[in-house]
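Please walk me through this protein structure in plain terms.

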Amino acid sequence: MPTKDNNQALLEAERTRLEPPRLYKVLLLNDDYTPMDFVIMVLQRFFSMDLERATQIMLKVHREGRGLCGIYPRDIAATKVEQVSAFALQHQQPLACVMEEN
């Protein structure tokens, strides 16, 4: 039979709520060398965007210097940044992908 102390511990455990994980923006940064088609391909491949959405983000990167690819928990955002950076390097493109806290 549970004691009063055990019941108190259970009540406190139930009251303890986990905060949602911090979210991070994944951004592409503009440069003067990466072709627009390559940026669109990256957005489609790594962020599952259709052609229209990828084109909109690519134009935002081109015109405003940066574009939002998505908002994710830290581990997923870091993985996306690593994947895009490695892909760009593999294709000898200077495309920069970064994350920042939302």
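The model is a predicted one, in which local features need pLDDT of at least 70 and side-chain atom pairs count only at pLDDT 80 or more, while totals for chains, interfaces and linings use all residues. Residues are numbered from 1 along each chain as its sequence is written, and side-chain values use heavy atoms, with hydrogens and water left out.

Of the 102 residues in the protein chain, 29% are buried. Buried means under 20% relative accessible area, exposed means over 50%, and partly exposed lies in between (1.4 Å probe, protein chains only). A contact means heavy atoms within 4.5 Å. Among contacts in the protein chain between residues at least 6 apart in sequence, 73% join residues at least 24 apart.

Next come the helices and strands. The protein chain has four helices and three strands, and along the sequence they follow the pattern α-β-α-α-β-α-β. Helices (H or I, at least four residues) and strands (E, at least two) are DSSP runs, numbered from the N terminus.

The three strands form an open sheet in the order β2-β1-β3, with antiparallel pairing. Its edge strands are β2 (66–73) and β3 (96–101), each of which pairs on one side only. Neighbouring strands of this sheet are turned by 25 degrees against each other on average, direction ignored. For such angles, axes are lines fitted to C-alpha atoms, for helices over the stretch in contact, and the angles run from 0 to 180 degrees between N-to-C directions. Two strands pair if DSSP finds at least two bridges between them. Strand β1 (residues 23–29) pairs with β3 in the antiparallel sense over six bridges. Val-26 has Met-99 in β3 as its bridge partner.

Most residues other than glycine have a negative phi. Ser-48, in the loop between α2 (36–47) and α3 (51–64), has a positive phi near 50 degrees. Ser-48 counts as exposed because its relative accessibility is 68%. Gln-92 lies in the loop between α4 (74–90) and β3, and its phi is also positive, near 55 degrees. With a relative accessible area of 72%, Gln-92 is exposed.
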